[in-house]
Amino acid sequence: MAMVSEGPRAWTPERWHRGRVLGHPGEQQNMSQPDLEELAEIGEDRFGRRVITFSCCRMPPSHELNHRRLLEYLKHTLDQYVESDYTIVYFHYGLNSRNKPSLGWLQSTYKEFDRRYKKNLKALYVVHPTNFIKVLWTIFKPLISHKFGRKIIYFNYLSELREHLKYGQLIVPPEVLRYDEKLRNLHGGQVPAPAKTPPPRPPLPTQQFGVSLQYLKDKNQGELIPPVLRFTVTYLREKGLRTEGLFRRSASVHTIREIQRLYNQGKPVNFDDYGDVHIPAVILKTFLRELPQPLLTFTAYEQILGITSVESSLRVTRCHQILQSLPEHNYAVLRYLMGFLHEVSRESIFNKMNSSNLACVFGLNLIWPSQGASSLSALVPMNLFTELLIEYYEMVFSTQEARGGLGAGAVEAGEQSGPVSRGRTPRRPGLVPRASAAPDGARETPLVLEASR
């Protein structure tokens, strides 16, 4: 990543993300320095798209804020997600005369975010808009395309977000919650209350999405690998390994819901009928995301977050140790999936999806906290852990016998996804991830490792 020169010290967004937003390291030491993690949180909407939130109430006064660095940080954050569909939630409350950026900075910032940032942005939700937003719209309207303008949606109350997002995953600042409550009280309770969630129905005997691994095993004659996972992996292995951007592209929401309905009703699905190899890829991610508990389990969440504190040469061993505490069923399914993703990464010269890129896609689909959303700081260890599982698949899952009785599905994954398939040369076992820039010809250094130094 390009570095921004600042006298004798070079500065990168990674260092700034770990550190602070205000000024040069030697400047303004007496001022409060908000953690950037409070400016943006990561969650998912109801279609599985990444959600990035920005809260104005966490912005410090303008004279304390280095706006150039703020722009660098925003771009650094979005760079991790712009290749896939994503959504932005902008909490406007808290922007005032003390922390309001200049119109000139806003205009130059808008120009910095070129088409690469805009094409996969599916929605920009502006919560609690004020007259200032109307003024901005008047000023920027000549610069904003009609297509992008349609992506901007205004919400006067937080309750309106519930229809579009997994509201429980969002970390809404307390200040915004109090302001929203104040607005509702001012309207005398006339604001329509969010629709009540109906009581859950018992799953169908053929249900595939939104049910536990144990339920699927019981309904499928003891088969450890869920049918949806096996069908999608088999199809992608045969027809999608060399598809560029595999797992990064989205699909029609209507199509995905239709396929889910067919699976849940026990009806056959022929992906050839849809003519898009990205559809089974989206179905696979959707299946993982809708498990009642993440595949890596809530219990392992804190252990996984600690991976960045482990010495680089010991991280693969630590991953192996963490996996030994997983339930055997979870371990078998995880091994099957990682074996396939390892195979995908070995075709990265064609599909552009190396282990680092795959980890950015699958990290949040394999592990999430029991409450709330994963913060930006949590993404670094989550993605790193996932990358290690993919990149060092043979080493991490090397002692299958120690698990005992994993079933045919897990064995099959190991047989089909081994490191020497198609005559490839396996990696030397002594290799460990590095957190520094790689020389020419070496494996590209993943961003998550750069940020974890």
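Predicted model: local features only at pLDDT ≥ 70, side-chain atom pairs only at ≥ 80, totals over all residues.
## Overall make-up

The protein contains 21 helices and eight strands. It has 453 residues, of which 53% count as buried. Its exposed surface comes to about 21700 Å², and carbon and sulfur atoms supply 52% of that area.

Among contacts with a separation of 6 or more, 77% are between residues 24 or more positions apart.

## Aromatic pairs

Rings count as a pair if their centres lie within 6.5 Å. By this rule there are 12 aromatic pairs in the protein. One of them is formed by phenylalanine 209 and phenylalanine 287: the ring centres are 6.1 Å apart and the planes meet at 75 degrees, so the pair is edge-to-face. This pair links distant parts of the chain, as its two members are 78 residues apart. Phenylalanine 209 is in the loop between α7 (174-186) and α8 (213-219), while phenylalanine 287 belongs to helix α11 (residues 278-289).

Phenylalanine 209 has a relative accessibility of 3% and therefore counts as buried. Phenylalanine 287 is also buried, with a relative accessible area of 1%. Another aromatic pair, tyrosine 393 with phenylalanine 397, is tilted, with 5.3 Å from centre to centre and 40 degrees between the planes. Tyrosine 393 and phenylalanine 397 are both buried.

Phe209 and Phe287 also belong to one aromatic cluster, together with Phe231 and Tyr263.

## Arginines over aromatic rings

The charged end of arginine 116 sits over the ring of tyrosine 117, at 4.6 Å from the ring centre. Arginine 242 lies over the face of phenylalanine 350, and here the distance to the ring centre is 3.9 Å.

## Arginine 248

Arginine 248 is located in the loop between α9 (227-239) and α10 (253-264). Buried means under 20% relative accessible area. With a relative accessibility of 13%, arginine 248 therefore counts as buried.

Leaving aside residues up to four places away in sequence, arginine 248 touches Glu83, Ser84, Met353, Asn357 and Val361. With asparagine 357 there is a polar contact: the side chains of arginine 248 and asparagine 357 are joined at 3.4 Å.

Terms used: Residues numbered from 1 in each chain as written. Heavy atoms only, no water. Phe/Tyr/Trp six-rings, centres within 6.5 Å; stacked < 30°, edge-to-face > 60°. Helix = DSSP H or I, 4+ residues; strand = E, 2+ residues; numbered from the N terminus. Buried < 20%, exposed > 50% of the residue type's maximum accessible area, 1.4 Å probe, protein only. Lys NZ or Arg CZ within 6 Å of the ring centre and 35° of its normal. Polar contact = N/O pair within 3.5 Å; in protein donor to acceptor, adjacent residues only side chain to side chain. Contact = heavy atoms within 4.5 Å. Areas by Shrake-Rupley, 256 points an atom, 1.4 Å probe, with all protein chains shown as cover.
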